[in-house]
Number of protein chains: 2
Amino acid sequence: MEFIIEQGIFHQAIQDVSRAVSSKTLSPILSGIKITADKDKIALLATNSDLTIEKVIPVCCQQSHRLQIIHSGSVVVSARYLGQVIKKLSGEIHIKGIALNKIKLISNGIEANMNGLDSIEFPPPPILDDSKDISMPFLDFKRMVKQTLFAVSKSDTRPVLTGVHLSLENGRFSCTATNSHRLAFSRGTVDSKETVSCVVPFAALNECSKVTDIDHGNMKLYITKQYIAFQFPSITLFSRLIEGNYPNVESLIPKEARTTLTLNKELLKQGIDRASLFASASDNNKILLEVIEGLQLKICSSSTEYGEIAEVQDIVSLNGESELTVTVDGNFMMDALKAIGEDEVQLSYSGSMKPLLLQAMDSGMQFHLISPVRTA
Amino acid sequence: MEFIIEQGIFHQAIQDVSRAVSSKTLSPILSGIKITADKDKIALLATNSDLTIEKVIPVCCQQSHRLQIIHSGSVVVSARYLGQVIKKLSGEIHIKGIALNKIKLISNGIEANMNGLDSIEFPPPPILDDSKDISMPFLDFKRMVKQTLFAVSKSDTRPVLTGVHLSLENGRFSCTATNSHRLAFSRGTVDSKETVSCVVPFAALNECSKVTDIDHGNMKLYITKQYIAFQFPSITLFSRLIEGNYPNVESLIPKEARTTLTLNKELLKQGIDRASLFASASDNNKILLEVIEGLQLKICSSSTEYGEIAEVQDIVSLNGESELTVTVDGNFMMDALKAIGEDEVQLSYSGSMKPLLLQAMDSGMQFHLISPVRTA
């Protein structure tokens with residue numbers, strides 16, 4: 001294996017795939033990056049066995065200084081050390097295989113030899129035969145992930161809730177996440193006749209949302225029974241799916257509201273943020289919301305140890321009963337409000353045993369459910 | 001106690017004194033800030049019993065909107081919660097004592113009540129009767145601290161080495177720090193007839209170097225047998241001194257060099273930085289420096305597990321023997337090189353049992369000693 005590559009491009013590529021390398025891996029080969037040089041491209045591959053990231057850098061005729069391949073071949077070297085060495089070099093880097101599983105890097109009079117591992121032992125990425133493939137705008141996908149990802153369960157008690165449920169039917173694509181105390185739902189339309197239902201781990205979607213390889217345009221999803229692949233222009237991200245049946249969330253959505261408040265989103269967010277100060281000192285981040293005379297919303301919280309905080313905000317409009325007192329988890333409210341981009345937000349209350357419904361004022365592309373906290 | 005203060009000023013003051021609050025304190029009163037309102041100023045005080053910081057905000061006739069005092073008094077409230085609450089408010093904040101040890105904060109329709117503690121129990125700052133006081137330019141002091149502070153010992157085996165030795169005699173002020181494997185020394189002149197020798201804890205000097213209260217002009221030092229105080233325009237920092245005799249370091253400085261190299265500092269720093277990559281994988285961060293034919297310096301390091309890195313740099317000039325091979329701790333070299341602002345650096349070698357001497361090319365306002373690492 002031998003090639004010459006520009007430092008900036010190589011460093012970015014190493015960073016891109018290193019996201020799949022776990023620092024805690026017990027298997028030495030998984031702490032490495034597999035570098036493969038072909039006739040017309042190099043490929044970098046890294047995996048933690050659940051998540052695999054591949055980056056391809058093609059030889060480009062117009063820009064021969066970017067990448068020049070001299071001999072094909074492959075090697076596995078420590079992701080951490082390769083990244084650190086490349087970061088401290090500059091200009092063109094000449095990389096070649098020497099001895100068995102060893103590479104030499106030469107750049108501006110600096111020479112580094114790095115010990116590697118046998119590339120035969122590196123696990124290949126999942127094979128995507130018989131996969132359903134879906135093409136969709138990256139920005140749509142990113143929006144739906146951003147509006148739901150935060151709501152997954154952090155606990156392993158029900159593994160299926162630690163991921164986001166992706167669903168596609170009749171061209172309607174949706175993402176759902178819940179930890180059984182709050183739920184986030186977001187949807188969009190996709191030009192596809194496929195039907196899909198799968199649960200994708202938090203980590204995979206989190207990495208997808210950080211991909212800088214694309215800013216607009218389409219990405220592709222390939223879905224098999226056990227795997228999903230996200231394909232961007234030069235990066236492909238493979239993830240194992242979470243097994244198990246995702247709960248049917250349709251029945252949780254309250255059909256009729258007793259009270260619906262329209263509120264200024266930014267003001268509400270700031271108020272919840274302030275009230276969360278003392279709420280976080282107590283368990284459950286309890287914040288009390290109270291409608292005053294149908295005109296104002298009082299937001300307050302208290303901690304026996306530190307004190308209490310309260311503020312009153314004007315309500316934009318109110319529909320239904322004008323009496324309402326409800327206690328919610330301040331963190332759940334903040335997460336939902338951060339996901340909503342619009343200026344106004346609708347908060348619907350359907351009774352103390354039903355979740356609060358939080359929606360933007362728009363077409364209903366997303367909604368959030370938050371269970372009230374029972375107070376003694 | 002009752003006063004009205006501008007949010008920005010109060011928030012900055014809380015941040016300034018909060019540096020002295022330890023998050024791990026077992027004594028509830030020490031997790032608080034003591035606020036005292038007088039006729040013409042408010043004072044904030046925080047301490048972790050070793051380090052105490054006091055900030056004074058005077059009432060200023062020209063800018064009555066900054067601070068307005070209605071009633072004097074004092075209270076102690078949680079530094080963490082006070083800081084968080086004030087951060088989320090804006091504009092004018094009206095603060096008043098209500099009930100016993102409780103305060104109310106009012107700002108733009110937001111009301112917070114905070115529980116406090118009895119201010120009588122808050123430890124007062126050290127009394128500085130019979131102290132020696134020294135006035136010196138803040139920038140000089142900051143430079144000397146920066147050039148030595150990093151070199152203190154991180155181990156508690158010899159407590160006196162965990163601090164910086166300040167010495168003043170015949171108008172010559174100096175800072176010395178060592179962990180017995182490397183030493184940093186920096187000096188300046190001060191217009192004072194006092195004689196001083198004391199050891200100041202790392203934490204106190206670290207906080208001093210972060211003070212934003214002053215950018216040039218003079219600061220004052222007050223030194224007693226057990227305490228030192230650093231006085232800036234509105235902040236005073238009190239620290240307990242470290243007891244014990246600081247070692248005499250004069251004898252450690254090699255008198256005659258076998259070889260003295262003049263090197264480009266930036267290039268050397270970059271080379272040491274690169275070589276440190278593999279050095280840090282081994283114990284002791286061992287980096288080998290080797291003079292080649294009296295013209296070039298080879299910098300290399302290796303780790304049996306990951307590989308090796310080597311580079312060759314031109315020597316600006318060489319005096320003495322042209323054969324030199326020495327192994328040093330890469331971290332110690334980096335620290336010393338970072339402390340040197342000049343473009344060129346002199347490295348003197350006096351034998352394998354003597355420390356390397358690193359100096360800027362200037363008047364000898366600072367020097368660094370680094371013991372060679374014995375290799376098997």
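**Exercises on the contact between domains 1 and 2**

In this predicted model, the rule finds 2 salt bridges across the interface of domain 1 of chain A and domain 2 of chain A.

**Exercise 1.** Identify which residue forms a salt bridge with A:D50, and check the pair against the cut-off.

*Solution.* Begin with the criterion, which asks for a side-chain nitrogen of Lys or Arg within 4 Å of a carboxyl oxygen of Asp or Glu. The partner of A:D50 is A:R240, and the closest N and O atoms of this pair are 3.3 Å apart. To place the two residues, recall that chain A is divided into domain 1 (2-121), domain 2 (132-250) and domain 3 (253-370).

**Exercise 2.** Determine which elements give two or more residues to the side of domain 1 of chain A that touches domain 2 of chain A, and describe that side by class.

*Solution.* Start from the polar contacts, for which the count between domain 1 of chain A and domain 2 of chain A is 7 residue pairs. Strand 4 of chain A gives the most, with 6 residues. Sorted by class, this side of domain 1 has 3 nonpolar, 3 polar and 5 charged residues.

**Exercise 3.** State the separation of the centres of domain 1 and domain 2 of chain A, and the area buried between them.

*Solution.* Taken over C-alpha atoms, the centres of the two domains are separated by 30 Å. The contact takes 11 residues from domain 1 of chain A and 12 residues from domain 2 of chain A. The area buried between these domains is about 1000 Å², of which carbon and sulfur atoms give 48%.

Definitions and conventions: Residues are numbered from 1 along each chain as its sequence is written. Chains are lettered from A and ligands numbered from 1 in the order in which they are written. This is a predicted model: local features need pLDDT of at least 70, side-chain atom pairs count only at pLDDT 80 or more; totals for chains, interfaces and linings use all residues. Side-chain values use heavy atoms; hydrogens and water are left out. Domain bounds come from an automatic or database domain assignment. Contact means heavy atoms within 4.5 Å. Buried area is the accessible area (1.4 Å probe) that two parts lose on being put together, summed over both. A polar contact is a pair of N or O atoms within 3.5 Å; within protein, one must be able to donate a hydrogen and the other to accept it, and residues adjacent in sequence count only if both atoms are side-chain atoms. Helices (H or I, at least four residues) and strands (E, at least two) are DSSP runs, numbered from the N terminus. Ala, Val, Leu, Ile, Met, Phe, Trp, Tyr, Cys and Pro count as nonpolar, Asp, Glu, Lys and Arg as charged, and the others, Gly among them, as polar.
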